[in-house]
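Below are some notes on side-chain packing, for reading alongside the model. They take the nonpolar cores and then the aromatic rings.

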Amino acid sequence: MSRPVSRVLTLLELLQAGGVRTVAELADRLGVGERTVRRYVGHLVDLDVPVESVRGRYGGYRLAPGHRLPPLMLSDDEALAVLLGLVAGRRTGITAAAGTAGETAAAKIRRVLPERLRRRLDAVLDSLTFTTVPAEAAAPEAAVLLPVADAVRHHRPVSVRYTGGSGRGGERTLYPYGLVAHRGRWYVTGRDLSVAADRTFRLDRIASARVLPGTFEPPPGPGPAERVLTALATAPHRHEVTVRVRGTAGEVRALLPGSVAVVAAEADGGGTAPGGGAGPWCRVDIRAERLDWLPGLLASLGRPFVVERPDELRDLVADLADLLRDAARHRPAAE
């Protein structure tokens, strides 16, 4: 296939992905100049592909709404990648396909495959097992995900109808910073204008979303993933735990999930360690409904630590220490 023809087909694939693509973006993806992009668009129009020109600050090209895609032509590797992606998406909860959309999409792809390839792919899928349990997915509706993603990409405000965990609902206007998929759920983090504060919202609790006029500039600082993990780690729970751990904030943060603990270096470096010995220390704050799992987690860090609160956790750590000490002293009976 000649290089210009290949690039024209690549341009069609980019436009089929949806949304408006700027001329600069298309030129960068195709590795050509902007004038060449316009010429390629002309080739598509000559082939009766309905490419629309969109004017304005965020203008560019897009396919006309409702355009029917040409038949898919997948190689063996591409077909396997698509079907395995659908299966893995359902297992991990990353899929945004609500209901049975993922299953019906896989069935449609299998139906148009050659018999030889379909049998081989079925052999892979039938013989595949996973070592992890499926995630409890809460897939968002496409009617919610797509406008929110568009608002994130173009830095535009969005109005959502949201129902919180308490069951109270209402309209919110957000400056959305980003979308985050975490443990089978989708989140959007951004500025909630109704309370003038940054908030994190679950997409499956959003009943509707509507992009509003205007633009905003995302603030500097943590990225969307870090914002969501911090929000989850600081959400209200029954117990508020504070522990000092020896090590730099970076070293300790690498040992603890971001959705569980908030780690911060101590301003004075932490001073002297209990029992002597100097070194950097950091503060770890954890919110938890139960405390019984924390002693094992703290012991697994392999670092000195001091429980500042609550006293109940200090007692549980002592109980675990006694259990481990007794286990270490036990000698099996001689045969």
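1. A nonpolar core is a set of buried Ala, Val, Leu, Ile, Met, Phe, Trp, Tyr and Cys residues joined through side-chain atoms within 4.5 Å. Buried means under 20% relative accessible area, exposed over 50%, and partly exposed in between (1.4 Å probe, protein chains only). The largest such core has 21 residues, of which Leu256, Val284, Leu294 and Leu313 touch the most other members.

2. The model is predicted: local features need pLDDT of at least 70 and side-chain atom pairs pLDDT 80 or more, whereas totals for chains, interfaces and linings use all residues. Residues are numbered from 1 along each chain as its sequence is written, and side-chain values use heavy atoms, without hydrogens and water.

3. Leu256 contacts (heavy atoms within 4.5 Å) Ala261, Val263, Val284, Leu297 and Leu301, leaving aside residues up to four places away in sequence. Apart from this core lies another, of 18 residues, including Leu15 and Tyr40.

4. The whole structure holds three aromatic pairs. Rings of Phe, Tyr and Trp (its six-membered ring) pair if their centres lie within 6.5 Å; planes under 30 degrees apart count as stacked, over 60 as edge-to-face and the rest as tilted. Tyr175 and Phe216 are stacked, because their ring centres are 4.6 Å apart and their planes at 5°. Tyr175 is partly exposed at 28% relative accessibility, while Phe216 is buried at 6%.

5. Tyr177 and Phe216 form a tilted pair, 6.5 Å centre to centre with 50° between the planes. Both residues of this pair, Tyr177 and Phe216, are buried.
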